[in-house]
Amino acid sequence: MDNKKGERKLSFRAGLLLFFGIFLAILDGITALVSCILLSIGRTFRWEMLLLAAGCLATALLAWLLIRAGLKRNRLLTELRRYGRLLAGDPSGDVRRMAQLMGKTREQAEEELAKLIQMKCFPQGVYLEEGSGRLRLPPSIAARLAEPSRPAAALPAEPAKPEEFVIVVCSQCGAVNRVPKGKTIQCQGAGCKAQLVGQPPQEKADILSRL
């Protein structure tokens, strides 16, 4: 199932969280380094140091949470692509079957699908049916996935050329025969068994001239 819009949305969120998480981690590291330098030269007091330490810890915690959330979004992005490929091959949306193919339990697959639907990573109209354990797709998407791939259009066949005939007079019985050009038939005269070749007179003359 083609779900490029949902993939781009999830990828953007993951990248944004990782960017801010790494940025805060770098900023926190710089702040901690400056605090250590000021402490070593005796330019800070004890209360100021405590406040800086608390701020660094809070910033480090926030950075860790952002990076962790970004990595989770990246993992969900990978699973979204896998679900999309499975749905393209089997639009029935059987969650149990998808979970088996992905090496997960049904509960894990349902939890991931529910989270992806909540984050609007699937096209509008996709929902998880709790009773049947299936991921239901809108009729338009299901019909498109169920439609067999159409073979490439064949090139139009060239029109058959009409068969050419040659009028041949039998040398044995004198009967006039209509013989397909380049073919050999038996004379149509009564009781005549002569073999006649469908060759125009001009071609016969060319052959005789070469003898």
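Reader: What does the accessible surface of the chain come to, and what percentage of it belongs to carbon and sulfur atoms?

Author: The accessible surface of the chain comes to about 14900 Å², and 60% of it belongs to carbon and sulfur atoms. The model is a predicted one, in which local features need pLDDT of at least 70 and side-chain atom pairs count only at pLDDT 80 or more, while totals for chains, interfaces and linings use all residues. Residues are numbered from 1 along each chain as its sequence is written, and side-chain values use heavy atoms, with hydrogens and water left out.

Reader: How many helices and strands does the chain have, and what pattern does the chain follow along the sequence?

Author: The chain has six helices and six strands. These are DSSP runs numbered from the N terminus, a helix being H or I with at least four residues and a strand being E with at least two. Read along the sequence, the pattern is α-α-α-α-β-β-α-β-β-β-β-α.

Reader: How do you know that the span of helix 1 agrees with its number of residues?

Author: The expected span of a helix is 1.5 Å times one less than its number of residues. Helix 1 covers residues 4–40, which is 37 residues, and should therefore span 54 Å; its end C-alpha atoms are 54 Å apart, so the two values agree.

Reader: Which residues of helix 1 are buried, and what percentage of the chain counts as buried?

Author: In helix 1 the buried residues are G6, E7, L10, A14, L18, G21, L24, D28 and S35. Buried means under 20% relative accessible area, exposed means over 50%, and partly exposed lies in between (1.4 Å probe, protein chains only). Of the 211 residues of the chain, 27% count as buried.

Reader: Why is the pair of F19 and F20 called edge-to-face?

Author: The structure holds two aromatic pairs. The ring centres of F19 and F20 are 5.4 Å apart and the planes stand at 75 degrees, so this pair is edge-to-face. The rule pairs rings of Phe, Tyr and Trp (its six-membered ring) if their centres lie within 6.5 Å; planes under 30 degrees apart are stacked, over 60 edge-to-face, and the rest tilted.

Reader: What makes F19 and F23 a stacked pair?

Author: The planes of F19 and F23 are at 15 degrees and the ring centres 6.5 Å apart, so the pair is stacked. F19 and F23 are four residues apart in helix 1, and are therefore separated by about one helical turn. Ring pairs link F19, F20 and F23 into a cluster.

Reader: What makes the contact between E112 and R75 a salt bridge?

Author: A salt bridge requires a side-chain nitrogen of Lys or Arg within 4 Å of a carboxyl oxygen of Asp or Glu. The side chains of E112 and R75 meet at 3.2 Å, N to O. E112 lies in helix 4 and R75 in helix 2, so the pair ties together parts that are 37 residues apart in sequence. By this rule the count comes to six salt bridges.

Reader: Why is E112 called buried, and which residues does E112 touch?

Author: E112 has a relative accessible area of 10%, and therefore counts as buried. Leaving aside residues up to four places away in sequence, E112 touches R75, E79, Y83 and K104, where contact means heavy atoms within 4.5 Å. K104 and E112 also form a salt bridge (2.5 Å, N to O). K104 is buried at 18%, whereas R75 is partly exposed at 44%.

Reader: How do you know that E129 and R136 form a salt bridge?

Author: The closest N and O atoms of E129 and R136 are 2.9 Å apart, and the pair forms a salt bridge. E129 is partly exposed at 26%, and R136 is partly exposed at 29%. Elsewhere, salt bridges that share partners join R75, E79, R82, K104 and E112 into one network.

How values were computed. Accessible areas come from the Shrake-Rupley method with a 1.4 Å probe; for residues, only the protein chains shown count as cover.
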